[in-house]
Amino acid sequence: MKLDELIEYLDYKDLINFKNIDITGISYNSKTTKKGDIFVCLVGEHTDGHEFAANAIENGASALLVERKVEGTKVPQVVVSSTRHKIADIADRFYSSPSKGINLVGVTGTNGKTTVTHLIQKIFEENNQKCALIGTLGYKLSSNGEYRDAKHTTPQAPELQATLRMIKDVEKIDNVVMEVSSHALEQNRVGGCRFNGAVFTNLTQDHLDYHITMENYFKAKALLFEHLTDGDFAVINADDDYGDRFISVVPDGVRVYTYGVKQQSDVMAKDINFSLNGAEFTLVVGSHAQMQEQTNEKTPKEYKVNLHMNGMFSVYNVLAAVTTALAIGIEIEVALKALQNVKGVAGRFEVVVKKPLVIVDYAHTPDGLENVLKSAREITPEAGKLICLFGCGGDRDATKRPKMGAIAEKLADKIVITSDNPRSEDPQTIITDIIAGLKSVNTESVIVEPDRGSAIALLKTIANNNDVVVIAGKGHEDYQILKDKTIHFDDREEARKVFEGSVI
């Protein structure tokens with residue numbers, strides 16, 4: 001693509017050394033820049049890409065996208081107000097706007113994004129439609145396919161647009177469901193993406209190290225809904241404290257569907273029961289006028305639902321997926337058949353050991369931990385204890401640490417406090433922050449072991465066969481990020497080693 005074509009619709013401030021050269025790729029890491037690339041000088045929290053422009057040129061960059069002039073080079077420079085935001089525009093342009101030819105559904109929220117996207121993918125496939133998924137675990141082209149690695153919940157714009165183009169042209173897949181993080185929205189990594197629908201799961205404290213306030217966090221999430229257009233749909237959790245605010249930002253002409261357990265909604269769950277086998281409830285569809293119009297039913301219809309998944313959060317995730325299916329136009333019976341066959345998602349309330357019952361979950365926020373522990377309590381035998389092992393990530397929002405400590409102390413009978421991904425922080429400092437939220441540090445009910453492997457090994461000595469153990473924080477992750485290195489570490493593997501002989 002010629003440079004003038006690439007920047008034709010770009011709101012740039014200046015052109016320096018302009019030549020209408022061929023651009024064969026987009027890069028933002030000087031180490032991986034190739035001949036013919038336009039190198040984007042991203043300005044981030046910790047690095048400034050302008051400092052690596054010379055390295056990129058040495059590796060073959062033919063042009064630069066900059067926020068200020070880079071001295072000492074004759075390659076063309078396109079000056080913009082924010083490279084972080086404009087990289088999405090040129091990526092969309094370079095790959096010829098692939099999302100415009102795809103039915104693209106975005107799922108956002110603090111918790112539940114991964115599970116909801118997997119459930120929606122399953123529903124599409126039950127309806128004999130191919131659907132690709134992009135999210136935390138990477139991306140995959142079918143529910144039975146292998147994950148391919150992704151660096152972020154939502155990839156950086158060039159990788160995202162290239163992936164969408166590949167999905168459309170090479171794999172011939174017309175439906176994509178994508179996790180959309182608040183970072184990706186605020187940083188415009190999904191800029192250029194044409195979403196046909198947006199799903200909101202919930203909004204609770206997370207990422208305040210980046211967003212600073214919950215208001216900023218909400219505004220970032222709300223961008224997904226604000227950019228919907230006439231004929232699109234929005235699916236919103238009516239029970240969430242922010243539900244009404246998300247509804248209020250949806251533009252006119254966009255179809256709004258709600259789901260919930262407490263608030264009157266288009267799709268609801270009632271008569272909910274939990275057991276070791278999963279969750280059971282009655283699904284009520286068509287309580288609101290819009291859903292009655294959609295389904296051509298004047299009175300609500302009820303369906304019995306039996307899930308292999310467990311916990312109230314699973315009920316909400318299923319409601320979100322079912323409501324999305326109805327908004328797309330997929331029959332309710334098809335959606336329920338797909339969901340009732342789902343065993344679960346890796347690292348999300350995943351049972352890895354039978355006796356004691358050991359559950360591994362990704363919960364790493366106060367709300368997430370509370371939901372998981374409440375769900376685990378529902379299936380804890382009357383004579384059994386609920387034990388929670390968890391830590392908090394380093395270099396992240398420190399204000400949630402004492403809150404998570406307080407939640408664990410309140411809901412579990414015994415807690416083991418350990419490391420998560422400490423990153424550059426001292427694990428003991430993180431643990432001290434968690435302990436600050438406890439009312440008591442009774443050694444009978446609170447155990448501290450900074451080494452996560454040793455902490456999991458301790459479970460063998462404190463958990464009886466009729467107890468339930470929740471290992472929270474890392475879920476599907478098979479690594480641990482330490483100060484000077486990243487090591488292989490998988491909570492599921494560690495638990496199975498400790499309780500060998502009682503593994504599922």
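## Ground rules

The model is predicted, so local features need pLDDT of at least 70 and side-chain atom pairs count only at pLDDT 80 or more, while totals for chains, interfaces and linings use all residues. Residues are numbered from 1 along each chain as its sequence is written, and side-chain values use heavy atoms, with hydrogens and water left out.

Helices (H or I, at least four residues) and strands (E, at least two) are DSSP runs, numbered from the N terminus.

## An open sheet

Start with a sheet of 5 strands. It is open, its order is E1-E5-E4-E3-E2, and its pairing is mixed. Two strands pair if DSSP finds at least two bridges between them. Strands of a sheet pair through backbone hydrogen bonds, either parallel or antiparallel.

E1 and strand E2 (25–27) stand at the edges. Each has a single partner strand, so one side of each is left without a neighbour in the sheet. On average, neighbouring strands of this sheet are turned by 20° against each other, direction ignored. For such angles, axes are lines fitted to C-alpha atoms, for helices over the stretch in contact, and angles run from 0 to 180 degrees between N-to-C directions.

Look inside the sheet at strand E3 (residues 37–40) and strand E4 (residues 63–66). They run parallel and are joined by 3 bridges. Isoleucine 38 has alanine 63 in E4 as its bridge partner.

Opposite valine 235 stands tyrosine 257 in E12. With helix H9 (residues 243–249), E11 and E12 make a right-handed β-α-β unit. Right-handed means that, with the strands pointing away from the viewer, the path from the first strand over the helix to the second runs clockwise.

E12 pairs with strand E13 (residues 267–275) too. That pairing is parallel, over 2 bridges. Tyrosine 259 has valine 267 in E13 as its bridge partner.

## Nonpolar cores

A nonpolar core is a set of buried Ala, Val, Leu, Ile, Met, Phe, Trp, Tyr and Cys residues joined through side-chain atoms within 4.5 Å. Buried means under 20% relative accessible area, exposed over 50%, and partly exposed in between (1.4 Å probe, protein chains only). In soluble globular proteins, nonpolar side chains tend to be buried together.

The largest core has 43 residues. Val267 is one of those with the most contacts inside it, and so are Ile123 and Phe281. Helix H11 (residues 312–328) gives the most to this core, with 10 residues. Contact means heavy atoms within 4.5 Å. Leaving aside neighbours within four places in sequence, isoleucine 123 is in contact with residues including Ala321, Val322 and Ala325. A second, separate core has 34 residues, among them Leu160 and Phe200.

## Salt bridges

A salt bridge is a side-chain nitrogen of Lys or Arg within 4 Å of a carboxyl oxygen of Asp or Glu. The whole structure holds 22 of them.

Which residue meets arginine 93 in a salt bridge? The partner is glutamate 8, at 2.6 Å, N to O. Arginine 93 lies in helix H3 (residues 83–94), and glutamate 8 in the loop between helix H1 (3–6) and strand E1 (14–16), so the pair ties together parts that are 85 residues apart in sequence. Aspartate 89 and lysine 86 form another salt bridge, with the closest N and O atoms 3.8 Å apart. Both lie in helix H3, 3 residues apart, about one turn of the helix. Aspartate 89 is partly exposed at 33% relative accessibility, whereas lysine 86 is buried at 16%.

Arginine 401 forms a salt bridge with glutamate 425, the closest N and O atoms being 2.6 Å apart. Arginine 401 is buried, at 1% relative accessible area. Glutamate 425 is partly exposed, at 22%. Elsewhere, salt bridges link Glu350, Asp490, Arg492 and Arg496 in a network.

Threonine 115 lies in helix H4 (residues 113–126). It is buried, at 7% relative accessibility. Not counting residues up to four places away in sequence, threonine 115 touches Asn317, Val345 and Arg348.

Arginine 348 sits in the loop between helix H12 (332–340) and strand E16 (350–353). Is arginine 348 buried or exposed? It is buried, with a relative accessible area of 14%. Beyond residues up to four places away in sequence, arginine 348 touches Thr115, Asp361 and His476, among others. The C-alpha atoms of arginine 348 and isoleucine 359 are separated by 8.6 Å, and these residues are 11 apart along the chain.
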